[in-house]
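Student: I would like to learn how to read a model of a complex. Where do we start?

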Amino acid sequence: MVDTDIFRISKAEQAHEEWAWVARSRNQDETAMSHLVGRHRSRLIRTAANLLRDRYEAEDVAQESFLKAFRELHRLREDKAFSGYLYRICVRLCMDRLRLKRAEPAEIEEVQPHEGLSVETKVVIEKILSQLPYDLRATLVLREMEQLSYDEVAECMHVPIGTVRSRLHSARERFRKLWLEAIAE
Amino acid sequence: MKIFWSRCSRFSYIINAKTEDEMSKSELDFVANHGNECDRCAQYHETDYGINLLRSCQIEPIISNGFNDRVIRLARVSLRKTAFSYWSPALAGATIAGLAVLAVVQLVSKPNQLPVFRATGEARKVHSPMFPTPDSPGHANRVQ
């Protein structure tokens with residue numbers, strides 16, 4: 001019980017700290033900006049890497065997201081909403097990149113073995129993901145890998161929640177078909 | 001309400017639309033029962049394994065050493081550019097207005113120094129008190 005309270009207090013403190021940094025960043029305080037970058041960079045790069053399936057491009061997108069967020073900070077009404085605002089920018093930038101890349105043949109990055117997952121299985125999954133259209137793939141990744149709720153996916157992708165549901169349905173259906181084909185090979 | 005042509009299409013709809021924790025009790029029962037009686041659907045349901053594996057396929061991020069510094073440096077440049085492009089129309093307007101005001105002040109304060117056009121070759125008649133001419137004012141009085 002006591003531990004939970006301590007955790008809550010530290011969470012609240014962290015939130016207050018972040019609001020203060022955002023408020024200072026509005027006045028172009030570089031120390032505050034640096035704190036915000038340090039706090040959010042891992043999550044942003046991980047999300048971008050999962051969406052783009054390219055860890056090097058992910059860093060570029062994360063950097064671009066921070067720049068855009070700082071440049072357009074005046075559009076953010078509440079300091080509290082910075083985290084979601086930054087995340088949405090990142091997802092939209094990834095979507096833009098996926099949209100541009102869709103015509104290009106997909107390249108499968110070097111695959112690292114993961115605990116409990118063979119390299120072959122991972123290659124199959126990467127191949128299937130690369131075969132999905134970019135909007136289905138992004139929806140599936142945000143829901144299954146990033147564990148976002150339907151509302152959060154809808155907000156990030158700027159589409160109605162019904163569209164998220166139907167995209168997720170189509171994405172799972174296609175994934176299953178491709179998975180069965182890959183297993184049969 | 002959704003109309004299904006067969007139990008297989010209903011099965012396919014449910015497992016693609018929802019994960020197990022999102023299904024109602026009746027849907028869970030239906031999926032379990034139909035999976036037992038239809039081999040094709042049971043095989044299809046096994047692909048859940050692949051979807052579940054997606055969660056373990058997260059890419060671990062690589063963060064380069066100077067990431068923070070690079071972002072801050074670029075943000076500084078970007079914010080300066082933004083500020084300049086935001087204020088530049090106002091600065092241009094203010095400069096033009098300032099120049100216009102200066103020109104008006106100059107014209108109003110020295111009106112006599114304006115250049116006067118004179119056609120070339122036109123003689124000017126100047127009345128001088130030192131050298132009076134017959135048509136100078138007061139010449140007749142002086143002669144008398």
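Tutor: Start with pLDDT, which is the predictor's confidence in each residue, from 0 to 100. Chain B averages a pLDDT of 79, and 76% of the residues score at least 70. This is a predicted model, in which local features need pLDDT of at least 70, side-chain atom pairs count only at pLDDT 80 or more, and totals for chains, interfaces and linings use all residues. Residues are numbered from 1 along each chain as its sequence is written, while chains are lettered from A and ligands numbered from 1 in the order in which they are written.

Student: Where in chain B is confidence lowest, and where is it highest?

Tutor: Elements come before that: helices (H or I, at least four residues) and strands (E, at least two) are DSSP runs, numbered from the N terminus. Chain B has six helices and zero strands, in the order α-α-α-α-α-α from the N terminus. Confidence in chain B is lowest in helix α6 (residues 139–143), with a mean of 63, and highest in α5(B), at 87. For the complex, the predictor gives an ipTM of 0.72 and a pTM of 0.69.

Student: How many residues of chain B are in contact with chain A?

Tutor: Two residues are in contact if their C-beta atoms, placed from the backbone, lie within 7 Å. By that criterion, 28 residues of chain B are in contact with 37 residues of chain A. On the chain B side, α1 (7–17), α4 and α5 (67–109) each supply at least two residues. The most come from α5(B), with eleven residues. For the classes, Ala, Val, Leu, Ile, Met, Phe, Trp, Tyr, Cys and Pro count as nonpolar, Asp, Glu, Lys and Arg as charged, and the others, Gly among them, as polar. The side of chain B that touches chain A has 16 nonpolar, nine polar and three charged residues.

Student: What share of chain B is buried?

Tutor: A residue is buried if 20 or more other C-beta atoms lie within 10 Å of its own, exposed if 12 or fewer, and partly exposed in between, with C-beta atoms placed from the backbone. Buried residues make up 6% of the 144 residues in chain B. Turning to chain A, nine of the twelve residues of α6(A) are buried, so that helix is mostly covered. Among those buried residues are A:L136, A:T139 and A:E144. The cover includes α2 (30–52), α4 (82–101), α5 (119–131), α7 (150–157) and α8 (161–184) of chain A, together with α4 (48–53) of chain B.

Student: How is the span of a helix read?

Tutor: The expected span of a helix is 1.5 Å times one less than its number of residues. For the twelve residues of α6(A), residues 134–145, the span should be 16 Å, and the end C-alpha atoms are 15 Å apart, which agrees.

Student: Why does A:T139 count as buried?

Tutor: A:T139 is buried because 29 other C-beta atoms lie within 10 Å. A:T139 lies in helix α6 of chain A. Leaving out residues up to four places away in sequence, A:T139 touches A:V153, A:M157, A:V164, A:R167, A:L168 and A:A171. A:T139 and A:T163 are 24 residues apart in sequence and 9.9 Å apart in space, C-alpha to C-alpha.

Student: How is a pair of packed helices described?

Tutor: Two packed helices are described by the angle between their axes and the distance between the axes. Axes are lines fitted to C-alpha atoms, for helices over the stretch in contact, and angles run from 0 to 180 degrees between N-to-C directions. The axes of α4(A) and α7(A) come within 8 Å and cross at roughly 65 degrees. The contact is made by A:Y87, A:R88, A:V91 and A:M95 of α4(A) with A:E155, A:C156 and A:M157 of α7(A). These residues divide into five nonpolar, no polar and two charged.

Student: Which residues of α7(A) are buried?

Tutor: The buried residues of α7(A) are A:V153, A:C156 and A:M157. Seen down the helix axis, they fall within an arc of 85 degrees (the arc of the directions from the axis to the C-beta atoms), so they line one face of the helix. Their cover includes α4, α6 and α8 of chain A.

Student: What should I look for in phi?

Tutor: Most residues other than glycine have a negative phi. A:Q147, in the loop between α6 and α7 of chain A, has a positive phi near 60 degrees. A:Q147 counts as exposed, with 9 C-beta neighbours inside 10 Å. A:Q28, in the loop between α1 (2–26) and α2 of chain A, also has a positive phi near 60 degrees. A:Q28 is partly exposed, with 15 other C-beta atoms within 10 Å.
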